[in-house]
Amino acid sequence: MTGLREQKKSRVRTAIYEAAVSLFETDGYDAVSVERIAARAGIAKGTFFNHFASKADILSAWHEASSLAEGEDAAGAMTDNLRDALLRPALAAVRFAQTYPALWAATIRETPSTPSLRRLEAQSDERLRQRYEKAFREAIASRMIKAQGDPQTLAALAVTLLTGCVREWIVLESRPLSLNAHLTRTLDNYLHVLGYTPYDGRG
């Protein structure tokens with residue numbers, strides 16, 4: 001019986017999640033109420049709160065799922081090109097932002113006031129920082145950058161710069177550049193300051 005109960009609970013949670021995500025994307029996060037989500041999922045309003053503490057916690061579930069998919073999308077063969085190693089995961093995030101604009105914008109807006117979102121964002125940023133630290137460590141060892149800074153610090157700065165770049169672009173009303181172009185230009189400016197020279201395969 002416990003197994004059947006858990007299966008039913010999982011099905012209801014999935015139905016709520018899918019109904020909410022669909023409504024957020026079509027009508028916008030702010031226009032969708034818990035009542036509408038419950039009606040779309042075919043449940044009572046009170047049942048919603050048995051699975052999610054608030055509407056914003058739907059965003060947390062989406063953020064967690066998209067972060068896992070984003071990590072898989074960004075993963076690939078290791079590169080000895082520092083620029084590619086830094087840009088690839090950033091552009092993977094962009095693909096999600098462009099595929100789910102309403103959810104992405106709502107997530108950024110709700111993060112400061114939603115503990116579960118703050119926790120997930122911190123975890124996501126830390127995973128990116130660790131990946132960047134490894135790339136910078138290898139770049140310094142290969143003498144691809146002239147700056148002799150601490151890889152941890154360089155990685156943390158890159159994460160702050162690029163994630164901030166994405167969040168800023170999403171909330172801007174005027175966007176002279178595409179997000180991809182904005183990210184790429186920002187990264188290139190950072191690498192230029194560090195004196196980056198791609199490894200050309202010669203000793």
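The following is a dialogue about how some terms apply to a predicted model.

Biologist: What are the ground rules for this model?

Modeller: The model is predicted, so local features need pLDDT of at least 70 and side-chain atom pairs count only at pLDDT 80 or more, while totals for chains, interfaces and linings use all residues. Residues are numbered from 1 along each chain as its sequence is written, and side-chain values use heavy atoms, with hydrogens and water left out.

Biologist: How many helices and strands does the protein chain have?

Modeller: The protein chain has nine helices and zero strands, and its pattern along the sequence is α-α-α-α-α-α-α-α-α. Helices (H or I, at least four residues) and strands (E, at least two) are DSSP runs, numbered from the N terminus.

Biologist: Why is arginine 129 called buried?

Modeller: Buried means under 20% relative accessible area, exposed over 50%, and partly exposed in between (1.4 Å probe, protein chains only). Arginine 129 has a relative accessible area of 18%, so it is buried. Arginine 129 lies in helix H7, residues 115-141. Serine 124, also placed in helix H7, has 18% relative accessibility and therefore counts as buried. Of the 203 residues of the protein chain, 43% count as buried.

Biologist: What makes the pair of arginine 129 and glutamate 133 a polar contact?

Modeller: A polar contact is a pair of N or O atoms within 3.5 Å; within protein, one must be able to donate a hydrogen and the other to accept it, and residues adjacent in sequence count only if both atoms are side-chain atoms. The side chains of arginine 129 and glutamate 133 make such a contact at 2.7 Å.

Biologist: Which residues does arginine 129 touch, not counting residues up to four places away in sequence?

Modeller: Arginine 129 touches Gln152, Ala155, Ala156 and Val159. Contact means heavy atoms within 4.5 Å. With the same exclusion of residues up to four places away, serine 124 touches His63 and Ser67.

Biologist: Why are H7 and H8 called oblique to each other?

Modeller: Angles under 35 degrees count as roughly parallel, over 145 as roughly antiparallel, 65 to 115 as roughly perpendicular and the rest as oblique. H7 and H8 pack at an angle of about 130°, with their axes 8 Å apart. The two helices are therefore oblique. Axes are lines fitted to C-alpha atoms, for helices over the stretch in contact, and angles run from 0 to 180 degrees between N-to-C directions. The residues in contact include Leu128, Arg129 and Tyr132 of H7 and Gln152, Ala155 and Val159 of H8.

Biologist: What makes H8 and H9 roughly antiparallel?

Modeller: The axes of H8 (residues 151-171) and H9 (residues 179-193) come within 10 Å and cross at roughly 155°. That is over 145 degrees, and the helices are therefore roughly antiparallel to each other. Among the residues that meet are Leu161 and Trp169 in H8 and Leu183 and Tyr190 in H9.

Biologist: Where does arginine 143 lie, and how do you know whether it is buried or exposed?

Modeller: Arginine 143 lies in the loop between H7 and H8. Its relative accessible area is 75%, so arginine 143 is exposed.

Biologist: What about the phi of arginine 143?

Modeller: Arginine 143 is not a glycine, yet has a positive phi of about 60°. Most residues other than glycine have a negative phi.
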